[in-house]
Amino acid sequence: MLFAGLAAWPSGSWAQTLDPNEAPVFRDGLAAFEAGDPQAAYDIWAPAAEAGEPLAQYGLGKLYETGGPGFEPDLEQSVSWYEKSAGQGVPAALNNLARFYAEGRGVRRDTDQAVLLWSQAARLGHPHAQYNLGLALFRGEWVEQDQAGAVEWFLQSAAAGLPEAQFAAGQIFERGIYRETDLPRAAQWYGRAADQGHVASQQSAERLAPVIGAEAAPRAGPPPPLSSPAVAPPPPSAAESPAPAAVPSTVFEVSPPVPPRRPLTGSPPAPAAEAPAEAPARTAPPSTAQTAERPAPSASEGGATGGGRWRVWLGSAADEAEAERLAAQLVDAGPALTAGQIETASGDGRLRLLAGGFADRDAAQTLCDRLRGQVPAAFCIPVEE
C-alpha cells in the first residue's frame with residue numbers, strides 16, 4: 001500500500017532545498033556544472049569551501065559524488081565535504097551523508113548514524129530527509145517502529161512538494177492510515193504528485209476520479225493542516241561530530257487493540273484498474289521469488305481458520321463498501337490472501353480490515369511478508385487480541 005518505489009533512498013535534485021541567493025559562490029559553481037563544466041565548478045567552489053563556506057562544501061560533496069565530464073567521482077572526498085557541510089547544519093548535506101551511511105557508500109555502513117542524520121535534517125525542514133525518516137519509521141528498519149510518527153513526516157514532506165511523499169499522503173487518506181479516510185483529499189494529493197510526473201499517482205488519481213466525482217478532487221489549494229511531528233530530535237550544532245551516535249529513544253511502537261470483528265459480506269467489487277501501488281523497497285527487500293518459497297500459514301500454525309490470538313491489520317475503511325473495495329484489491333494482488341480470510345472490525349469510527357487466528361506474532365508476520373512480496377509496502381501490522 002505505502003509508498004512510492006525507489007531503488008535507493010532519494011537524495012533529491014542538485015540544489016535540493018538550498019537557496020543559492022544565500023551564497024552567490026554556490027550559485028556560480030552550480031551554473032558552471034549545469035553548463036557541463038564540472039572542473040570550472042570545482043575551481044569556483046574549492047577556495048570558498050576551504051575557507052569554510054558551507055554551501056560550497058556541500059557543492060564539492062555533490063560534485064565528488066556525481067562526477068562529470070572529465071571529473072572523476074571520489075566517494076571518500078564526497079564524504080569528507082558532506083561532513084564539513086553537515087557540521088555547519090546544511091540540511092541537504094545531512095540528508096546525503098545519511099544516505100551514504102544507510103547504503104555503506106564511501107563509509108562503513110552505520111544505520112544508526114543514518115537515522116540520526118535524517119532526524120536532524122528532517123527537523124530542519126528538509127523534505128527528502130523527512131521522507132527518508134518516514135520510511136525508516138514506517139517499516140521499523142534500524143529504529144523502533146512508529147507508523148503514526150512516520151505518517152506525520154510523510155505529510156510534512158508532502159506539504160513541501162516532494163512527489164513521492166505526496167503519493168504517500170494520497171495513500172494515507174485513501175486508506176485511513178492514522179487519519180480519517182478522505183477520498184477527495186487523497187485524490188488532491190495524488191493530483192499534485194501526478195502534476196510532477198509521478199506515474200503511480202496519476203494512476204491512483206484516475207482510479208479515484210469516478211468514485212468521488214471529478215469536482216471533488218481539486219488539485220489546487222493549500223495542503224491539509226499538519227500536526228507536529230512525533231519524532232523531534234534536537235537540531236545539529238556546529239560542533240557536532242559525524243561519528244556514529246545512538247538513535248534517539250523518543251519513538252514508540254504502535255500496536256492497536258483488536259476490536260470485535262466479523263466477516264466481510266457481499267460480493268467483492270471488480271478489481272481496481274491500477275497495478276499494485278508502487279512502494280519504496282526495503283534495503284534488502286524480499287524478492288517475489290524468495291517470498292514464493294515461503295509456505296502460507298496453515299490452520300495448524302494459526303491461519304485464518306485457527307484459534308490463535310494474533311491477527312494482521314490490513315488497513316481501515318470509512319464504511320463497508322470501502323472495506324469491500326480494499327479487500328478486493330488485496331485479494332487480486334496475489335495468493336497471499338483470500339476473500340474468506342479478511343474480516344472487518346469497527347474501531348475509532350472506522351472499519352479495520354483484519355486477517356488471522358495466528359498462534360504467535362511470527363506466524364502473523366509471515367503473512368505480512370508474503371503480502372509485501374506481492375505489494376512491496378502493503379500496510380500489514382501484527383496485532384494481538
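Tyr 178 is placed in the loop between helix H9 (163-175) and helix H10 (183-195), helices (H or I, at least four residues) and strands (E, at least two) being DSSP runs numbered from the N terminus. The phi of Tyr 178 is near 55°, a positive value in a residue other than glycine. Trp 142 lies in another loop, between helix H7 (127-139) and helix H8 (147-159). Trp 142 is not a glycine either, yet has a positive phi of about 75°. Most residues other than glycine have a negative phi.

The model is predicted, so that local features need pLDDT of at least 70 and side-chain atom pairs count only at pLDDT 80 or more, while totals for chains, interfaces and linings use all residues. Residues are numbered from 1 along each chain as its sequence is written, and side-chain values use heavy atoms, with hydrogens and water left out.

The secondary structure of the protein chain consists of 14 helices and 5 strands. Of the 385 residues in the protein chain, 54% are buried, where buried means under 20% relative accessible area, exposed over 50% and partly exposed in between (1.4 Å probe, protein chains only). Among contacts in the protein chain with a separation of 6 or more, 70% join residues 24 or more positions apart; contact means heavy atoms within 4.5 Å.

The axes of helix H3 (residues 54-66) and helix H4 (residues 75-86) come within 7 Å and cross at roughly 160°. Axes are lines fitted to C-alpha atoms, for helices over the stretch in contact, and angles run from 0 to 180 degrees between N-to-C directions. H3 is therefore roughly antiparallel to H4 (angles under 35 degrees count as roughly parallel, over 145 as roughly antiparallel, 65 to 115 as roughly perpendicular and the rest as oblique). Residues making this contact include Tyr 58, Leu 60 and Tyr 64 of H3 and Leu 75, Trp 81 and Tyr 82 of H4. By class, the contact of H3 with H4 has 7 nonpolar, 5 polar and 3 charged residues. Here Ala, Val, Leu, Ile, Met, Phe, Trp, Tyr, Cys and Pro count as nonpolar, Asp, Glu, Lys and Arg as charged, and the others, Gly among them, as polar.

For H5 and helix H6 (residues 111-123), the axes come within 8 Å and cross at roughly 160°. H5 and H6 are therefore roughly antiparallel to each other. Among the residues that meet are Leu 94, Leu 97 and Tyr 101 in H5 and Leu 117 and Trp 118 in H6. The contact of H5 with H6 has, by class, 10 nonpolar, 4 polar and 1 charged residues.

The largest nonpolar core has 74 residues, of which Trp 45 and Phe 154 touch the most other members. A nonpolar core is a set of buried Ala, Val, Leu, Ile, Met, Phe, Trp, Tyr and Cys residues joined through side-chain atoms within 4.5 Å. Helix H5 (residues 91-103) gives the most to this core, with 8 residues. A second, separate core of 21 residues includes Ala 323, Ala 336, Leu 337 and Ala 363.

Leu 326 lies in helix H13 (residues 320-332) and counts as buried because its relative accessibility is 3%. Not counting residues up to four places away in sequence, Leu 326 touches Arg 175, Ser 316, Ala 317 and Leu 353. Leu 326 and Ser 316 are 10 residues apart in sequence and 8.7 Å apart in space, C-alpha to C-alpha.
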